[in-house]
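Me: I would like a close look at a single part of this model. Please start there, then connect that part to the elements around it.

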Amino acid sequence: MKLYRRIVVMAAIFIIIIFASGLWSIHRLQLHESQRFDQHLQGEAEMAYSMLQDDMLRFKAATPNIKVDQSQLVELIYNENFDALSYVFDDLAGFYEIDLILLISDGKLIAGSHNVSKRELPASLMTTMMAEPFSEQVQFMLLENSIGEIARFSDSSVVSYFTSVALEDFTGEEAGRVILFKVLNGRDKFAEHLSGNAEIILTVEGERSVFSSLRHPWEWKGEQAIISGQKEYRVHQKDIEGVGGTKLSLLVGMDYREYSQSTWRLIVSELTTNLVILFVAVFFFYFLKRRVFDGVNKQVELLGQVAAGDLNVRYPRSQMNRGETLDEIQQMGADFNMMMDQLQELYEQLNQARQDAEVATRIKSEFLANMSHEIRTPMNGVVGMINLAEQADSDEQKKRYICKAKLSAEKLLRILNDILDFSKIESNKLDIEQTTFHLSEVLESTRDLMQPDADKNGVRLAIMFSEKVPQVLRGDSLRIGQILDNLVSNAIKFSPQGGEVLISVDLKKRQRAIAELSISVRDEGIGISKTQQEKLFVPFNQADSTTTRRFGGSGLGLVICKRLVEMMAGEITLESREGVGSNFTFTLPLEVSSDEVDVADEAVDDSTNNALTVLRGRTLLLVEDNEINQELIVAMLTMHGILVESVWNGAEAVSWLQENQADAVLMDCQMPVMDGYTATREIREIEGLEDLPIIALTANVTQSDIDKALASGMDDHVAKPVIFDDLISSIAKWVTPELYGKEKALEGPETDITPSTGEAQSLRALKGINIVKGLELIGHDETLYRKLLLLFRDKYCAFREVFTQALSDDIDSARREAHSLKGAAGNLGMEQIVNAAIQLEVACQRDDQTMIAERFEQTLTEISIVLRSIEQLEPCDTEAMNSGEQETKL
């Protein structure tokens with residue numbers, strides 16, 4: 001508000017300055033106009049006086065002619081021929097418009113114009129004339145009394161200017177003097193001639209008017225103004241000294257009211273301009289107040305409320321332009337709302353995190369209390385039974401006490417193992433091993449371990465094993481058994497007496513060397529509610545805290561199961577109804593042992609050959625962003641006469657199919673620019689491609705991934721690493737001769753894929769690579785395999801920089817890089833890199849930076865081992881690869 005008040009004060013000062021400036025401008029305008037008027041008036045006066053002087057010079061122009069006739073006039077004087085003189089003077093007066101000509105000699109009037117010589121002049125006139133020294137200059141004179149009778153003027157006094165000419169005889173003596181008079185009284189026309197743009201008045205002593213250009217009588221108004229009729233004139237006075245001390249005044253006046261009206265028009269114009277400026281200033285300030293200050297004040301007010309703890313305040317949307325571009329203040333309001341939304345979301349997240357922390361603290365406190373009870377109870381049993389065994393007399397009693405002590409110790413050991421396993425998982429120190437095992441032995445081991453507890457609780461324990469499930473697999477049998485032990489133990493614990501716990505194993509999907517198993521543990525126990533299911537896999541928690549006291553346990557078993565399943569690229573789900581029972585199911589992709597694969601080779605070969613016969617000459621579109629995978633699949637298909645066109649992402653695939661035809665599309669799911677799911681949906685919208693076979697190629701093999709691919713419009717799913725027979729079988733299933741017509745002729749000869757002996761021997765000693773599996777995946781083409789290994793080296797020697805850059809962009813890009821590495825390595829038999837890439841992808845999915853950093857370093861280590869092995873084939877600059885020893889900045 002202080003800023004607002006300052007701006008208001010500044011605006012008020014600005015308005016006052018504008019108003020004062022207007023008044024000062026008006027004053028200056030009045031002063032300027034007055035000065036301009038005075039200058040104009042003075043100019044008119046100077047012009048009138050100049051014209052009066054010109055008239056006097058014209059009057060004086062008669063004197064030279066008198067000089068010319070001087071000898072004649074002197075002769076007439078000496079001859080006393082006065083009548084002739086009067087005739088001469090009448091002619092001169094008429095010609096030069098002279099009102100009176102007098103001839104004086106020896107102080108007497110002897111002749112004159114207008115019959116003046118026949119009468120005597122008034123004594124006063126003669127006295128005036130004789131009192132002044134005669135001069136040939138034109139002078140003004142006031143003539144009193146009867147001059148009017150003499151000179152045909154009725155005024156009792158007249159004003160004239162006069163001059164004289166001396167007449168000399170041949171001796172140089174003055175014979176007489178001719179005096180010429182020009183009367184000014186009544187010369188209104190002359191006055192109008194003098195006036196120009198002004199009015200002219202000639203006065204005697206400033207009162208009596210001699211002549212005037214005014215049409216109405218006039219009178220003084222003040223010292224510099226007169227009034228005549230309805231007009232007011234401001235006058236400029238020019239004083240003229242006459243003969244005998246006569247004072248004449250030439251008044252030049254201009255209409256002051258016209259000047260005033262003109263001045264007022266200018267003042268009104270100036271005032272209007274200032275008022276417009278003032279109005280614009282007020283409007284501008286109002287606009288600023290409305291569009292700027294009000295918005296700023298509103299935001300200051302809102303910030304004050306935010307400072308007071310109210311996070312629900314928002315800048316009013318009513319003060320924002322609708323459908324128009326926001327101005328700066330409105331944009332600040334929109335940004336404020338966005339900031340408040342983010343701040344409120346952050347606050348809610350922090351509040352939720354605080355609540356979660358409180359809940360976690362409470363849960364951990366309860367967990368510690370439970371653990372105290374769970375650990376102390378068997379420990380007391382161990383100590384108590386040993387003490388009883390020491391005191392027992394018979395061997396039978398000692399044996400019974402020792403057996404009970406053993407059971408208590410085993411229970412304590414299970415609790416400690418759970419805690420240690422969870423600690424390893426949380427610190428990413430738990431490794432998943434890859435060993436060959438028989439799944440039936442793992443199931444039998446679980447049944448043998450759990451059967452005593454089942455018998456004790458009166459629960460029947462059964463196993464259902466599908467004949468389709470391969471017997472010999474590769475994976476971590478110890479962790480699979482640990483998962484089964486946990487699930488079966490819980491199932492027995494919560495099942496009522498007389499109930500049944502069923503372990504079911506089924507083959508969900510088989511792709512040559514990869515078998516996806518579905519293992520479920522179903523019980524007929526108390527069941528789990530929807531609310532309890534939401535926190536079932538939360539660490540240190542149980543579905544119902546009361547079960548801890550009733551059934552015991554650490555609350556870590558299911559959490560460990562879930563984490564172990566995810567680490568083996570599987571997923572675990574639960575179906576449960578209260579009072580009916582629960583069914584825990586987990587899926588695991590496991591590698592089928594080569595012994596199992598060999599058994600199925602003969603049957604597969606016939607099927608594959610038939611499929612190749614159908615597909616020879618067909619055109620397939622491969623959509624794959626990984627260069628290694630792309631070259632591998634293209635080589636696998638083209639060597640058998642299948643035509644393959646390849647593009648790098650979904651957008652290119654859509655564009656290609658709009659202009660070309662293909663019999664099927666092999667679609668990777670995770671790609672930049674446009675992923676496979678989006679591309680499939682857009683392809684299905686293209687007319688004529690609604691039924692085009694689209695087969696997903698992806699390393700994501702969980703049921704949810706398969707369902708997502710099918711839901712987007714894909715027809716089938718082939719897992720990476722790609723098994724040639726499975727790929728051919730899937731393509732042939734959808735591309736049939738009945739649907740697409742007869743087979744096309746094979747274009748070009750088949751490729752010779754027989755490797756040289758040197759190449760075959762050099763591939764056998766590559767550390768970190770399962771050569772047998774890699775060659776098997778690409779159809780035993782060692783030349784192609786060598787080429788793909790070198791391509792892998794060139795592409796992934798800079799994996800540190802690529803992954804770091806992707807991680808700095810967004811977590812999804814980093815996950816996609818890990819996923820791409822997993823697929824490329826899997827197709828080449830790089831099992832350790834595959835396992836490391838799986839762990840890295842899981843870490844990216846969780847967005848756990850600490851886990852990402854650790855698993856990233858582990859992945860770089862495995863890549864480094866493989867790259868150094870490939871160096872045996874063809875050395876290259878591995879500076880980027882060796883940079884993996886530097887500290888990773890994440």
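With which residue's side chain does Gln670 make a polar contact of 2.7 Å?

Reply: The partner is Arg815: its side chain and that of Gln670 are joined by a polar contact of 2.7 Å. A polar contact here is a pair of N or O atoms within 3.5 Å; within protein, one must be able to donate a hydrogen and the other to accept it, and residues adjacent in sequence count only if both atoms are side-chain atoms.

First, the ground rules. This is a predicted model, so local features need pLDDT of at least 70 and side-chain atom pairs count only at pLDDT 80 or more, while totals for chains, interfaces and linings use all residues. Residues are numbered from 1 along each chain as its sequence is written, and side-chain values use heavy atoms, with hydrogens and water left out.

Strands (E, at least two residues) and helices (H or I, at least four) are DSSP runs, numbered from the N terminus. Gln670 counts as buried because its relative accessible area is 11%. The cut-offs are under 20% for buried, over 50% for exposed and partly exposed in between, with a 1.4 Å probe and protein chains only. Contact means heavy atoms within 4.5 Å. Setting aside neighbours within four places in sequence, Gln670 touches Asp625, Asn700, Arg815, Arg816, His819 and Glu841.

Next, the sheet that S21 belongs to. Five strands form an open sheet in the order S20-S19-S21-S22-S23, and the pairing is parallel. Strands S20 (643-647) and S23 (716-719) are the edges, each pairing on one side only. From one strand to the next, the twist averages 25 degrees. Two strands pair if DSSP finds at least two bridges between them. S22 (residues 694-698) is joined to S23 by four bridges. Within that pair, Leu697 faces Val718 of S23.

H18 (residues 650-659) touches S19 (619-623), S20 and S21 (664-668), and its direction makes about 155 degrees with that of S19. H19 (residues 676-684) touches S21 and S22, with about 150 degrees between its direction and that of S21. These angles run from 0 to 180 degrees between N-to-C directions; axes are lines fitted to C-alpha atoms, for helices over the stretch in contact.

H28 (residues 831-846) has 16 residues. Twelve of the 16 are buried, so the helix is mostly covered. From first C-alpha to last, H28 reaches 23 Å, close to the 22 Å expected at 1.5 Å a residue. That expected span is 1.5 Å times one less than the number of residues. An α-helix has 3.6 residues a turn, so residues three or four places apart point the same way.

What follows H28? Asp847 does, with a positive phi near 55 degrees. Then comes the start of H29, where a side-chain oxygen of Asp848 reaches to within 3.2 Å of the backbone nitrogen of Thr850. H29 (residues 849-870) has 22 residues and spans 31 Å, close to the expected 32 Å.

A word on cysteines. Cys669 is buried, at 0% relative accessible area. Cys844 is buried too, at 3%. A search of the whole structure finds zero disulfides, a disulfide being a pair of cysteine sulfur atoms within 2.5 Å.

For contrast, take an antiparallel sheet. This open sheet has six strands in the order S7-S6-S11-S10-S9-S8. S7 (208-212) and S8 (218-220) stand at the edges with a single partner strand each, so one side of each has no neighbour in the sheet. The twist averages 35 degrees from one strand to the next. Three bridges join S8 to S9 (residues 225-228), and Trp220 is paired with Ile226 in S9.

Finally, the whole chain. Its secondary structure comes to 30 helices and 23 strands. Of the 890 residues, 47% are buried. Among contacts between residues at least 6 apart in sequence, 67% join residues at least 24 apart.
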